[in-house]
Amino acid sequence: MAIRDGVRGLMLEIRAGVHTGECEVIAGKTGGIAAIVGARVREQAAPGEVLVTSTVRDLTSGSGLVFEDRGTRALKGVPRTWQLFAAS
């Protein structure tokens, strides 16, 4: 959210997707299912929006972050559906 807020001063809007899980380094790049989920969540975000998975919401309980339910979505190339939340 700090990055999103920082680039707004440059008249830019970003989309962000956040997930947490085990990542792999493949040919020098971050990969694996957790990285793919994060990228797919980003694709679901509107300009200026930070979307997170329920995993992130649950792990940040008590942090003071506020989450608004954005519903369950199918993510391209990822098994099952995912509950997404807008973070603020």
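Predicted model: local features only at pLDDT ≥ 70, side-chain atom pairs only at ≥ 80, totals over all residues.
**Exercise 1.** Which strands are joined to β6 by bridges, and how do they run?

Solution. 
- Step 1: Strand β4, residues 50-53, is joined to β6 by 3 bridges, and the two run antiparallel.
- Step 2: Within this pairing, Val 52 has Phe 85 of β6 as its bridge partner.
- Step 3: Strand β5, residues 67-74, is also antiparallel to β6, with 7 bridges between them.
- Step 4: Here Ala 74 has Thr 81 of β6 as its bridge partner.

**Exercise 2.** Is β6 mostly covered or mostly uncovered?

Solution. 
- Step 1: Strand β6 spans residues 81-87, and a residue counts as buried under 20% relative accessible area.
- Step 2: By this cut-off 5 of the 7 residues are buried, so β6 is mostly covered.

**Exercise 3.** Are Ala 27 and Arg 80 buried or exposed?

Solution. 
- Step 1: Ala 27 is found in the loop between β2 (24-26) and β3 (29-31), and has a positive phi near 55°.
- Step 2: The relative accessible area of Ala 27 is 79%; the cut-off for exposed is over 50%, so Ala 27 is exposed.
- Step 3: For Arg 80 the value is 55%, so Arg 80 is exposed as well.

Terms used. Residues numbered from 1 in each chain as written. Heavy atoms only, no water. Buried < 20%, exposed > 50% of the residue type's maximum accessible area, 1.4 Å probe, protein only. Helix = DSSP H or I, 4+ residues; strand = E, 2+ residues; numbered from the N terminus. Pairing = 2+ DSSP bridges.
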